[in-house]
Amino acid sequence: MSQEAVPQQGAPAQPKGLLQQMEELMAALNADLSQLDADLSGSRGGLSDEGERG
């Protein structure tokens with residue numbers, strides 16, 4: 001009977017540090033936000049921020 005909650009198949013030799021995990025999550029979040037910004041910018045019909053104010 002194993003006490004491991006998750007099998008270690010294909011796991012790296014050393015577990016990732018918390019800082020590395022956070023950096024990877026932040027990079028993924030930044031990429032998602034950049035894509036969302038591009039999608040929203042395209043859906044506005046090419047209006048710039050200055051055009052909306054004035």
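1. Leu40 lies in helix H1, the helix that spans residues 18-43, and this placement is read from a predicted model rather than from an experiment. With a relative accessible area of 49%, Leu40 counts as partly exposed, because the exposed class begins only over 50%.

2. Leu40 also belongs to a nonpolar patch on the surface, which it forms with Met26, Leu29, Leu33 and Leu36. Taken together, the residues of this patch have about 480 Å² of accessible area. Leu40 can be a member because a patch residue needs over 30% relative accessible area, and the value for Leu40 is 49%.

3. For the chain as a whole, the secondary structure consists of two helices and zero strands, and H1, with residues 18-43, is one of these helices.

4. When the 54 residues of the chain are sorted by accessibility, buried residues make up 0% of them. The chain exposes about 5,200 Å², and carbon and sulfur atoms supply 55% of that area.

5. The structure holds one salt bridge, and the partners are Lys16 and Glu24, whose closest N and O atoms are 2.9 Å apart. Side chains of opposite charge can pair when their charged atoms come close. The pair qualifies because the distance of 2.9 Å falls within the 4 Å limit.

Notes
Residues are numbered from 1 along each chain as its sequence is written. This is a predicted model: local features need pLDDT of at least 70, side-chain atom pairs count only at pLDDT 80 or more; totals for chains, interfaces and linings use all residues. Side-chain values use heavy atoms; hydrogens and water are left out. Patches are made of residues with over 30% relative accessible area and no salt bridge: like charges are joined within 9 Å, nonpolar side chains (Val, Leu, Ile, Met, Phe, Trp, Tyr) within 5 Å. Accessible areas come from the Shrake-Rupley method with a 1.4 Å probe; for residues, only the protein chains shown count as cover. A salt bridge is a side-chain nitrogen of Lys or Arg within 4 Å of a carboxyl oxygen of Asp or Glu. Helices (H or I, at least four residues) and strands (E, at least two) are DSSP runs, numbered from the N terminus. Buried means under 20% relative accessible area, exposed over 50%, partly exposed in between (1.4 Å probe, protein chains only).
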